[in-house]
Amino acid sequence: MGKFWKIIGVIVALWVIASVLSNFIATDWRDKIAVIPLEGTIVSSDLSGLVPRSTLLSKTVVDFIKEAEKDDTIKGILLEINSPGGTVVASKEIVQAIKEAQKPVVAYIREIGTSGAYWVASASDFVISDELSLTGSIGVVSTFLEFSELLEEYGVTYEGLKTGKYKDVGSPFRKMTDEERTILLGKMQKIHDAFVKDVAANRDLDEQQVASLATGIYYLGSEALELGLIDAVGSRDDALNKTKELANIKDAEELVFKERHYLGDLLGRLSTFSFYHLGRGIGRELQLISIDERQRPFSL
């Protein structure tokens with residue numbers, strides 16, 4: 001019996017050694033360009049459901065950038081952007097990760113790279129977009145539903161108990177006061193100013209110049225080039241070649257980063273989803289804060 005287990009041990013050891021050697025031999029040490037897609041609305045978390053929607057978690061992109069930074073065979077990073085923007089903090093997290101990257105980063109705006117997604121692109125070393133793509137749209141938005149008159153028409157009244165004067169700002173069950181509107185607009189203006197200031201720094205533009213462009217309107221790629229919001233108009237191949245140029249390499253393999261989904265992820269998401277909505281059910285009567293019920297985070 002002891003001899004049998006010795007044989008098994010030798011076989012297992014040989015298998016492990018063979019696997020390690022085969023992986024080492026098969027390792028591709030050629031230069032690579034990391035291709036990181038940015039598609040959909042940029043958010044910091046998504047507890048809305050199990051069915052994937054057109055959202056992009058900022059943590060996913062940040063982790064991809066950090067992973068590319070650690071891989072010595074990766075010489076540059078190409079961001080493929082097709083996003084209308086997203087929430088403020090989520091966009092800012094990706095911007096910060098790009099700024100901290102030591103390897104050259106090129107942003108390619110395919111069809112749309114506006115608002116928060118443009119902020120991300122502006123932090124790159126070089127920005128290329130199609131001449132007909134949508135770029136820019138520098139601004140902040142926060143939307144509220146308000147149907148107090150509809151409730152009144154059907155004889156439904158609203159009574160909100162609160163311990164803070166502004167605790168129910170943005171409630172859809174009553175009209176917002178002028179004072180509350182001024183307060184919220186003031187907060188949005190601070191975010192807007194920070195957005196403008198950072199874009200100006202990223203693009204080496206005068207802050208007043210960027211402020212004059214920050215009307216929320218989007219620009220076509222050809223217009224954005226004239227305004228200094230991007231560096232060139234071109235194709236994805238142009239963006240890839242520019243990445244190689246900045247990385248000082250002539251040829252490279254593309255390494256596309258994609259989010260992997262496993263059974264454990266699905267089960268974990270199901271658990272989170274269940275407890276999240278259970279919490280919502282409990283919290284409907286006594287709300288400390290429920291940003292999902294009253295308003296969404298400020299969005300870019």
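**Briefing: backbone and surface features of a predicted chain**

Asn248 is exposed (over 50% relative accessible area, against under 20% for buried and in between for partly exposed; 1.4 Å probe, protein chains only), with a relative accessible area of 71%. This is a predicted model, in which local features need pLDDT of at least 70, side-chain atom pairs count only at pLDDT 80 or more, and totals for chains, interfaces and linings use all residues. Residues are numbered from 1 along each chain as its sequence is written, and side-chain values use heavy atoms, with hydrogens and water left out.

**Positive phi**
- Most residues other than glycine have a negative phi.
- Asn248, not a glycine, has a positive phi of about 60° and lies in the loop between helix H9 (236-246) and strand E10 (253-256).
- Ser115 also has a positive phi, near 50°; this residue sits in the loop between strand E5 (105-114) and helix H4 (116-122).
- Ser115 is buried, with a relative accessible area of 5%.

**Surface**
- Tyr154, in the loop between helix H5 (148-153) and helix H6 (178-203), is exposed at 63% relative accessible area.
- Leu150, Tyr154 and Val156 make a nonpolar surface patch of about 330 Å².

**Whole chain**
- The chain has 11 helices and 10 strands, taken as DSSP runs (H or I, at least four residues; E, at least two) numbered from the N terminus.
- Of its 300 residues, 37% are buried.

Methods:
Patches are made of residues with over 30% relative accessible area and no salt bridge: like charges are joined within 9 Å, nonpolar side chains (Val, Leu, Ile, Met, Phe, Trp, Tyr) within 5 Å. Accessible areas come from the Shrake-Rupley method with a 1.4 Å probe; for residues, only the protein chains shown count as cover. A salt bridge is a side-chain nitrogen of Lys or Arg within 4 Å of a carboxyl oxygen of Asp or Glu.
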